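Try each task before reading its solution.

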Amino acid sequence: MSLRINDIAPDFTAETTQGTIKFHEWIGDGWAILFSHPKNFTPVCTTELGTMAGLEGEFRKRNVKIIGISVDPVESHGKWQDDIKTATGHSVNYPLIGDKDLKVAKLYDMLPGGAGETSEGRTPADNATVRSVYVIGPDKKIKLVLTYPMTTGRNFDEILRAVDSMQLTAKHQVATPANWKQGEDVIITAAVSNEDAIKRFGAYETILPYLRKTKQPSA
Ligand code: BEZ
């Protein structure tokens, strides 16, 4: 069965470009993003890993660690780094898991339908990981899951935006509307009465009885 939001992210031990890691221990008390790519030395993946490298500082500011994974061996990840820098201008300083035996890929349901059992003789179309993203909270629970096909590069600014929303809504009794960005008005959740809304947020606007908006609370 596939993993769902609120499930505990499965723990594992894996070889990475920064040594052996125990996943939960590596996450520590902060947030984490585990994201898979299909195959090293392929064009879309090269742009994706470089884009994540460029955003790493933004994620760090939010106490979010990043870790990539594919079924390529760790040595191959290492050899690919120069190409990523050449193509995107960014150095990959986050760890990459070499999941040769597909252990983590299977644990996190990252393989497409019809995938094989090992990485031997694979082609990108069969037992390579698809483009999965798991955002994991400090409680080790899964907060967000995304799955994209092989040929569509992800928008990692959207992951950053979603992290901003999740970190805000974890602290305050608010939700964020469609296309919300940092600093824009937020929605007061149904759990907050009108009386409490005034006490907590000061002024708010009632657009519909169930849609009340207020200024974004400060962190
Ligand atoms: C790519 O990164 O360009 C790619 C990888 C696997 C399948 C298709 C495209």
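**Exercise 1: a pair of helices**

The crossing of helix 2 and helix 5 is right-handed. The model is predicted.

Task: Decide how helix 2 and helix 5 are oriented to each other: roughly parallel or roughly antiparallel?

Solution: 
- Two packed helices are described by the distance between their axes and the angle between them.
- Start with the distance. The axes of helix 2 and helix 5, the latter spanning residues 156–171, come within 10 Å.
- Now take the angle. The two axes cross at roughly 30°.
- Apply the cut-off. Angles under 35 degrees count as roughly parallel.
- Conclude. Helix 2 and helix 5 are therefore roughly parallel to each other.

**Exercise 2: the shell around the ligand**

Task: Find how many residues surround the ligand, and which helix gives the most to the shell.

Solution: 
- Count the shell. Eight residues surround the ligand.
- Pick out the closest. They are Thr42, Pro43, Val44, Cys45 and Arg131.
- Helix 2, residues 43–61, gives the most, with three residues.
- Six shell residues are nonpolar, one is polar and one is charged.

**Exercise 3: contacts with the ligand**

Task: State which residues place N or O atoms by ligand oxygen atoms, and at what distances.

Solution: 
- A polar backbone atom of Cys45 is 2.8 Å from a ligand oxygen.
- For Pro43, a backbone N or O atom lies 3.3 Å from a ligand oxygen.
- Turn to side chains. An N or O atom in the side chain of Arg131 is 3.1 Å from an oxygen of the ligand.
- Finish with the surface. The ligand taken alone exposes 270 Å², and the protein buries 84% of that.

Definitions and conventions
Residues are numbered from 1 along each chain as its sequence is written. This is a predicted model: local features need pLDDT of at least 70, side-chain atom pairs count only at pLDDT 80 or more; totals for chains, interfaces and linings use all residues. Side-chain values use heavy atoms; hydrogens and water are left out. A residue is near a molecule or strand if one of its heavy atoms lies within 4 Å of it. A polar contact is a pair of N or O atoms within 3.5 Å; within protein, one must be able to donate a hydrogen and the other to accept it, and residues adjacent in sequence count only if both atoms are side-chain atoms. Accessible areas come from the Shrake-Rupley method with a 1.4 Å probe; for residues, only the protein chains shown count as cover. Helices (H or I, at least four residues) and strands (E, at least two) are DSSP runs, numbered from the N terminus. Ala, Val, Leu, Ile, Met, Phe, Trp, Tyr, Cys and Pro count as nonpolar, Asp, Glu, Lys and Arg as charged, and the others, Gly among them, as polar. Axes are lines fitted to C-alpha atoms, for helices over the stretch in contact, and angles run from 0 to 180 degrees between N-to-C directions. Angles under 35 degrees count as roughly parallel, over 145 as roughly antiparallel, 65 to 115 as roughly perpendicular and the rest as oblique. A crossing is left-handed if the near helix is turned anticlockwise from the far one by less than a right angle, and right-handed if clockwise.
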